[in-house]
Amino acid sequence: MSEFRYLEDATTLVYDVEKCIGCGVCPTVCPHGVFGFEEGKAKLGDRDLCIECGACAKNCPVQAISVNPGVGCAMAILQGWITGKEPSCDCGPEGDGSCC
């Protein structure tokens with residue numbers, strides 16, 4: 001599934017490397033390998049692989065990561081995989097994807 005990506009530059013994922021204590025939890029819990037580990041701290045890789053599930057943020061003991069789970073519309077990604085079409089969350093007031 002590594003070839004499946006979310007919408008480019010749409011994720012709400014924010015990582016504060018200064019707060020990171022190097023516990024190594026985020027690379028362990030991320031289902032898409034967005035985080036790695038380098039020089040004693042988490043390293044943010046390809047942000048566009050993030051499906052905003054929130055596992056990293058919920059498990060970070062120092063709140064170095066924030067993400068707004070659900071905004072990424074993981075269902076849109078799944079539908080894209082199933083149908084072979086470009087993912088679109090169709091959210092926003094007019095169903096135009098403006099929330100992303």
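**Labels and the values behind them**

Modeller: Gladly, and let's begin with Glu38, which is partly exposed because its relative accessibility is 40%, and that falls between the cut-offs of 20% and 50%. Please keep in mind that this is a predicted model.

Biologist: What makes the pair Glu38 and Lys43 a salt bridge?

Modeller: Their side chains meet at 3.6 Å, N to O. The cut-off is 4 Å, so the pair qualifies. Lys43 is also partly exposed, because its relative accessible area is 41%.

Biologist: How many salt bridges are there by this rule?

Modeller: The count comes to one.

Biologist: Before we go on, what is the overall layout of the protein?

Modeller: There are three helices and four strands, and along the sequence they follow the pattern β-α-β-β-α-β-α. Of the 100 residues, 31% count as buried. Among contacts with a separation of 6 or more, 53% are between residues 24 or more positions apart.

Biologist: Why is Glu52 called buried?

Modeller: Its relative accessibility is 2%. You can find Glu52 in the loop between strand E3 (41–44) and helix H2 (55–59).

Biologist: How do you know that Glu52 has no salt bridge?

Modeller: The nearest side chain of opposite charge belongs to Arg47, and it is 7.0 Å away.

Biologist: Which side chain does Glu52 join in a polar contact?

Modeller: That of Thr11, at 3.1 Å.

Biologist: Where is Glu39, and is it buried or exposed?

Modeller: Glu39 is in the loop between strand E2 (35–38) and E3. It is called exposed because its relative accessible area is 76%, and the label applies over 50%.

Biologist: Now the cysteines. How many disulfides are there by the rule used here?

Modeller: The count comes to zero. Take Cys56: the nearest cysteine sulfur is that of Cys50, 6.1 Å away. A disulfide needs the two sulfur atoms within 2.5 Å, so that pair is ruled out. For Cys60, the nearest cysteine sulfur is that of Cys23, at 6.0 Å, and Cys60 is in no disulfide either.

Biologist: Why are Cys56 and Cys60 both called buried?

Modeller: Cys56 has a relative accessible area of 8%, and Cys60 has 12% relative accessibility. Both values are under 20%, so both residues count as buried.

Biologist: What makes Cys53 partly exposed?

Modeller: The relative accessible area of Cys53 is 40%, which is between 20% and 50%, so it is partly exposed. Cys53 is in the loop between E3 and H2. In sequence it is 22 residues from Pro31, while in space the two are 8.7 Å apart, C-alpha to C-alpha.

Biologist: And why is Pro31 called exposed?

Modeller: Because its relative accessible area is 55%, and exposed means over 50%. Pro31 is in the loop between helix H1 (25–29) and E2. Ala55 is 24 residues from Pro31 in sequence and 8.4 Å from it in space, C-alpha to C-alpha.

Biologist: What puts Leu49 among the buried residues?

Modeller: A relative accessibility of 15%, which is under 20%, so Leu49 is buried. Leu49 is in the loop between E3 and H2.

Biologist: Last one: which residues touch the most other members of the largest nonpolar core?

Modeller: Leu13, Tyr15, Val34, Phe35 and Ile65, out of 15 residues in that core. Leaving aside neighbours within four places in sequence, Leu13 has contacts that include Val34, Phe35, Ile65, Cys56 and Glu52.

Key: Residues are numbered from 1 along each chain as its sequence is written. This is a predicted model: local features need pLDDT of at least 70, side-chain atom pairs count only at pLDDT 80 or more; totals for chains, interfaces and linings use all residues. Side-chain values use heavy atoms; hydrogens and water are left out. A nonpolar core is a set of buried Ala, Val, Leu, Ile, Met, Phe, Trp, Tyr and Cys residues joined through side-chain atoms within 4.5 Å. Buried means under 20% relative accessible area, exposed over 50%, partly exposed in between (1.4 Å probe, protein chains only). Contact means heavy atoms within 4.5 Å. Helices (H or I, at least four residues) and strands (E, at least two) are DSSP runs, numbered from the N terminus. Lys and Arg count as positive and Asp and Glu as negative; His and the chain ends are not counted. A polar contact is a pair of N or O atoms within 3.5 Å; within protein, one must be able to donate a hydrogen and the other to accept it, and residues adjacent in sequence count only if both atoms are side-chain atoms.
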